[in-house]
Amino acid sequence: MAETDKDDLVSIIEEDEKDASIPNILPLMSVRDIVIFTDMLLPLFVGREKSVKAVEEAVSKDGFIFLATQKDTSVENPNPDQIYKIGTIGRILRMLKLPDGRVKALVQGVAKSRIIQYTRKKALYRVKHEIIPQLPPEKKMSIEVQALMRNVRENSEKILALRGEMTGDVSMILDSIEDPGKLADLVGSNLRLKIEESQELLELIDSVERLKKVNDLLTREVDLSSMQAKIQSNVRDEIAKTQRDYFLREQVRAIHKELGESDEKALEIEDYQKKIKNAKMSTDAETEATRQLKRLEQMHPDSAESSIVRTYLDWLVEMPWSKSSKENIQIAEAHKILDSEHYGLDKIKERILEHLSVRKLNPDMKGPILCFIGPPGVGKTSLGRAIAKAMNRKFIRISLGGIRDEAEIRGHRRTYVGALPGRILQGLKQCGVNNPVFMMDEIDKLGADFRGDPSAALLEALDPEQNSAFSDHYLNLPFDLSKVMFILTANMMDTIPSALLDRMEIITLSGYTQEEKTVIAEKYLIPRQIKENGIKPEDIQFSPAALQHVIAEYTSESGVRNLEREIGAICRKVARKLAEEQKGPFAVSRHSLHKYLGIPKYIKEMEQEDSQVGLSTGLAWTQVGGEALYVEATLIPGKGEMIITGQIGDVMQESARAALSYARSRFADLGIEENAMENQDVHIHVPSGATPKDGPSAGIAMATALISILSGKPVNKYVAMTGEITLRGRVLPIGGLKEKALGALRAGIKTIIIPEKNMRDLEEIPAYVKKKIHFIPVKNMSEVLDIAFKPDDD
């Protein structure tokens with residue numbers, strides 16, 4: 001027999017003899033929060049009744065006890081199913097009874113064993129067990145096992161070094177162990193493993209497999225310990241830096257004190273205290289400002305949080321909590337200011353003067369919410385500026401067009417980087433008073449998306465019953481907006497939310513006539529453009545005829561924005577001539593106008609055509625004012641069908657069908673042959689084809705064009721008409737009559753046919769418009785045809 005085989009046999013015999021001395025039936029003690037390995041020496045504090053009895057029985061006999069880990073640590077008295085089957089036989093080396101009834105036992109793991117049967121379960125657990133034999137290590141281990149053991153030793157030393165527990169004795173102990181299983185048990189018992197992982201390790205019988213498992217766990221533990229050590233090192237460095245900075249700041253403060261100089265941070269805190277006192281905030285705002293100032297005082301001056309607090313305090317102290325413009329309301333003076341700034345607009349001026357009168361009698365009244373609705377260029381924004389001037393208040397304007405984020409109105413939360421208050425509080429801070437005239441342009445062009453609905457956020461700000469405690473997300477404090485006079489502007493009412501519309505007083509600006517535009521140009525536009533282009537009033541002269549032709553042939557609008565642009569173009573050309581040292585003055589007449597502005601951009605369609613068969617003139621309302629709408633009809637070979645073109649909407653198409661049905665039902669009365677459409681189709685077209693059109697008010701114009709082409713009677717080109725038609729020929733009322741009348745005046749219309757029920761709207765139309773246009777009310781279509789088919793000279 002070989003020498004190595006003899007040694008292995010001797011080791012097995014010795015192991016068997018040691019196992020033979022351990023009884024087959026032992027008292028069992030369940031342990032929790034720990035898994036006990038062989039050769040492991042540790043003290044156990046025993047308090048449970050069954051465990052104490054098991055320890056006492058073991059000590060009274062040969063000192064052996066079966067130690068098994070319970071599966072659930074929260075169970076006070078586990079049953080056999082709640083205890084792992086594989087455990088460790090331990091020998092109690094020493095036992096000490098404590099005064100509180102507990103027992104302290106020093107235990108050493110002897111052998112690994114498996115429970116076969118529970119022989120007793122009542123007073124204590126007794127088990128029959130089977131020792132799991134451990135094969136002795138090979139005398140000549142493979143290179144793989146040697147490398148594995150070396151790796152386990154090195155990783156163990158790394159972990160102990162990272163924890164600061166590495167000593168020379170520990171290294172010697174690790175190097176002295178040559179058995180892979182014992183090395184695995186020693187290292188595994190000292191790793192911070194979960195109970196399940198430790199039990200899994202204990203149940204591995206093969207020592208090399210157990211060592212491999214320990215090596216995997218060690219590798220994970222090394223990574224965790226390295227990361228933990230790195231975090232602790234960073235924390236220590238940060239703490240050291242903070243302490244060092246604090247120490248240096250204290251030294252600098254002491255040096256400044258010795259030199260009689262002031263500390264910058266103390267100066268900043270003192271400055272904020274003065275600003276908070278002078279701001280005369282509300283009680284809530286002052287309390288919050290003081291609290292934030294105390295926070296700032298405790299912060300490092302260079303920290304990110306201190307910058308946020310500093311910005312917040314700046315906003316609090318700069319808001320006009322109690323600062324107001326001093327009003328000096330003189331009604332006569334205010335009337336003069338409004339007249340000097342704007343021509344016409346008598347109704348609007350009257351409403352403003354009424355408000356000023358009430359304000360003079362009751363200074364504590366809540367500010368009204370006015371909304372100016374009208375086409376572009378009619379002076380909505382400049383009217384707001386004139387109101388501020390008349391009231392001796394500051395004027396602030398913001399544009400709401402295209403805004404989709406609710407935070408633009410209410411502000412951002414301070415948790416966001418770059419957070420700011422909303423547009424309303426920004427405007428108040430900018431003007432420095434809490435009672436300005438605050439104009440919000442383009443209220444009809446607000447948007448809404450996933451970031452919220454700005455129009456809903458405006459409800460609180462524009463409600464006189466709520467805005468005395470308006471809360472902005474950034475300040476997060478109530479701010480009084482009741483003293484602010486809000487004025488909103490829009491081009492059309494349809495897109496303004498109804499809830500918002502309910503909070504506003506609507507004032508409509510329809511547009512200007514040619515005479516009004518002439519006066520506005522002479523009094524305001526020409527002097528302003530002369531000044532802006534650097535020329536003198538004596539260098540240029542506009543003839544009245546030239547001005548009227550600029551209005552009629554180079555612009556087509558309700559307002560005067562394009563008119564001012566054309567006057568500016570004339571002034572620029574004069575400025576160039578003066579810069580080239582040509583001598584003035586330069587006269588701008590009707591005949592020389594084309595030299596400055598080129599050929600006319602707009603020609604009245606009435607001047608292009610005579611009265612024709614199948615061509616009628618309707619009137620349309622658009623968001624830029626009223627316009628003339630021409631309806632053409634013609635007959636083509638076909639089967640009696642109707643074709644409609646010109647980007648016409650569903651409502652206009654239904655009006656055209658109703659007009660055709662009415663005409664067919666009245667062929668005999670209208671002098672049209674009954675079979676007039678048997679072999680012909682009717683084509684109705686509404687120029688311009690690229691512009692979408694819809695609405696019911698073109699019904700009688702379509703019927704007139706249709707009956708004209710079928711009867712061969714021409715329609716008077718100076719007659720325009722507006723009204724909805726029914727199948728029985730009744731003419732129903734329409735809206736926007738004032739804007740349509742002004743559009744007809746610009747187009748050269750002399751007579752307008754209107755529904756009789758619209759007669760009440762004539763009160764809104766200026767007297768000079770009624771002098772130039774003859775309004776004829778009608779009840780039914782037969783009256784419309786009698787007027788429309790009259791010759792031009794009638």
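Author: Buried means under 20% relative accessible area, exposed means over 50%, and partly exposed lies in between. The model here is predicted.

Reader: Why is Arg102 called partly exposed?

Author: Arg102 has 35% relative accessibility. That value lies between 20% and 50%, so Arg102 counts as partly exposed.

Reader: What makes Asp100 exposed or buried?

Author: Asp100 has 53% relative accessibility. The cut-off for exposed is over 50%, so Asp100 counts as exposed.

Reader: Why is the link of Asp100 with Arg102 called a salt bridge?

Author: Their closest N and O atoms are 2.9 Å apart. A salt bridge needs a side-chain nitrogen of Lys or Arg within 4 Å of a carboxyl oxygen of Asp or Glu. The pair therefore qualifies.

Reader: How do you know that Lys212 forms a salt bridge with Glu144?

Author: The closest N and O atoms are 3.6 Å apart. That is within 4 Å, so the pair counts as a salt bridge.

Reader: What does the pair of Lys212 and Glu144 tie together?

Author: Lys212 lies in helix α7 and Glu144 in helix α3, so the pair ties together parts that are 68 residues apart in sequence.

Reader: Why is Glu580 called partly exposed, and what is Arg576 called?

Author: Glu580 has 44% relative accessibility. Arg576 has a relative accessible area of 58%. That is over 50%, so Arg576 is exposed. Glu580 and Arg576 also form a salt bridge, with the closest N and O atoms 3.0 Å apart.

Definitions and conventions: Residues numbered from 1 in each chain as written. Predicted model: local features only at pLDDT ≥ 70, side-chain atom pairs only at ≥ 80, totals over all residues. Heavy atoms only, no water. Buried < 20%, exposed > 50% of the residue type's maximum accessible area, 1.4 Å probe, protein only. Helix = DSSP H or I, 4+ residues; strand = E, 2+ residues; numbered from the N terminus.
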